[in-house]
Amino acid sequence: MRSVDLIVIGLYLVAMPVLGLLLSGRQRSSQDYFIGSRQLPWWAVCFSVVATETSTLTVISVPTVAYLGSFTYLQLAIGYLIGRIVVAFVLLPKYYAGNLVSAYEFLGQRFGSGLQGTASVTFLVTRLLADGLRLFATAIPVKVMLAAFGVNMAYWQIVLILSAMTVIYTYLGGIKAVVWVDAIQMAVYVGGAVLAAVVLAGRLPGDWMSTAFAAGKFELLDFGSSIITDQYAFFTAVIGGAVFAMASHGADQLMVQRLLACRNLRDSQRALIASGVVVFLQFALFLFIGTMLWSFFNGAKPAELGMASKDELFPQFIVNDLPPGLSGLMIAGILAAAMSTLASSLNSLSTSTVSDLYQRISKHKLDDSTILRMGKGWTLVWAVVFVVFASMFSSTDNPVVEVGLSIASYTYGALLGAFLLGLLAKRARQSDAVIAFVATIVVVLFFVFGVTFPDGEGGEKALAFPWYTPLGVVVTLVVGGLLSLRHPRLATEAAVQRVDNA
């Protein structure tokens, strides 16, 4: 056990809540708590967006993608950037014009509280499944690395500690604390990755890069794979990635809330587009580390190296080959990615619960102090729910973990499709949108679990996951659009006009 590494990890876990509270200041209103009174600088929001979408599994698994394959994963990042640009100029102006604190308030204005509530509940369930299971998955590599240092902890203990440290600054500091700590956490995990790459570079032969080029490890564009079943085929990755980013950054409260905390629309657009560039560079960094690891381990298969999982490649290097202190910093970086995602989920879940559900269902006019108190209260409630849910799992063999980590793709099509239906189908009413929303989720789940396609190699594979969101958008628009033809145009002009003028 290297005590210096444990000291670094311990100091990090204590420092993050303290820094979050110092940087956020006192929360005097619900606007302060939910969107920082729209006073946060665009660059901090940019880093917060990147940190929020970067989970522990990203830090650990992306190097493995390059180790076992090539740089084709970056095609997804190209699509992510394109999708962000569309959101910046199509949806963000609507949110800012309406002075909203929740993405789903737009749906409430356009269609009514029924669809707003449906979208919000879908968001709550999606975040619980995806981020709750992601929180458990975070404990897996952390447990392995701590065990290597002589510290044996159960999964639930790791989950509880991470959640407790995170909820302190999220509860007291609101979105300001979340954004500022996210920015710091991004610096920690990216800085640790850069230092790990420097250490790796000093241990590789001088011709490692030319050898990697010759082996095709730096291949970026893939035009030869099946666009239906291969997630890294060029058109699959770029188109699917673009539509996925439109949904995740334009129709998901987790990201929209951060963008609404900017000082104005232009800053929000700048933060969103810049985050796409940063994500591209970040992915490139972790892919580059994976290629360096391929050279370091001479291309051996993980099983040949005695690893139980292919995703142990980077963690094993961190524990066994990084110098004392740097190992602790890198593990702190992995914790940073987990805490960032959890903090963002807690804050956005409390916002959506209060703004989209409680106030709509109760129909009570609440004073601002009550809204602020409820927002903090729901932050605690969701923290407990996350801990209980994540602690229910004790094994890495449960296939529901894999389902949970990708479940956002199953519902994003319906969410984005509802927004586009409101913008494009002038006749669409709330009943049309709700029916289309539910039908979309059913159709997407059917394709995910019940349909396979020829993979071009004589076998059968499921539809590549980047197509789940585009499929959902198409189904929502087709079903909702056809249903809307039942209504005369004048019947819905008033509702559409309210949104257009917002």
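Ten residues are named in the lining of the largest cavity: Ser 55, Thr 56, Asp 131, Arg 134, Leu 135, Thr 138, Ala 337, Ala 338, Thr 341 and Leu 342. Two elements each give two or more residues to this lining, namely helix 8 (113-148) and helix 15 (326-362). By class, the lining holds four nonpolar, four polar and two charged residues. The volume of the largest cavity is about 60 Å³. How many cavities of 30 Å³ or more does a search of the whole structure find? The search finds one. The model is predicted.

**Helix pairs**

Two packed helices are described by the angle between their axes and the distance between the axes. The table gives both values for two pairs.

| Helix pair | Axes come within | Crossing angle |
|---|---|---|
| Helix 11 (residues 234-250) and helix 18 (residues 408-424) | 9 Å | roughly 75° |
| Helix 1 (residues 3-24) and helix 9 (residues 155-201) | 7 Å | roughly 85° |

Helix 1 and helix 9 cross at roughly 85°. That makes helix 1 roughly perpendicular to helix 9, because angles of 65 to 115 degrees count as such. The residues of the contact of helix 1 with helix 9 divide into 18 nonpolar, four polar and one charged.

Helix 11 and helix 18 cross at roughly 75°. Helix 11 is therefore roughly perpendicular to helix 18. Which residues meet here? Helix 11 brings Val 243, Phe 244, Met 246, Ala 247, Ser 248 and Gly 250. Helix 18 brings Ser 409, Tyr 412, Leu 416 and Phe 419. This contact of helix 11 with helix 18 has seven nonpolar residues, three polar and no charged.

**The whole chain**

The protein chain has 21 helices and two strands. Its C-alpha atoms fill a box of roughly 70 × 60 × 40 Å along the principal axes. What radius of gyration would a compact globule with 502 residues have? The value would be near 23 Å. The protein chain has 23 Å, so the chain agrees with a compact globule.

Key:
Residues numbered from 1 in each chain as written. Predicted model: local features only at pLDDT ≥ 70, side-chain atom pairs only at ≥ 80, totals over all residues. Heavy atoms only, no water. 1 Å grid on protein atoms, 1.4 Å probe; cavity = no way out; pocket = protein on both sides within 12 Å on 5 of 7 lines; lining within 4 Å. Points joined across faces, edges and corners; volume = space filled by probe spheres on them. Helix = DSSP H or I, 4+ residues; strand = E, 2+ residues; numbered from the N terminus. Nonpolar A, V, L, I, M, F, W, Y, C, P; charged D, E, K, R; others polar. Axes fitted to C-alpha atoms, helices over the stretch in contact; angles between N-to-C directions. Parallel < 35°, antiparallel > 145°, perpendicular 65-115°, else oblique. Contact = heavy atoms within 4.5 Å. Rg over C-alpha atoms; globule rule 2.2 N^0.38 Å.
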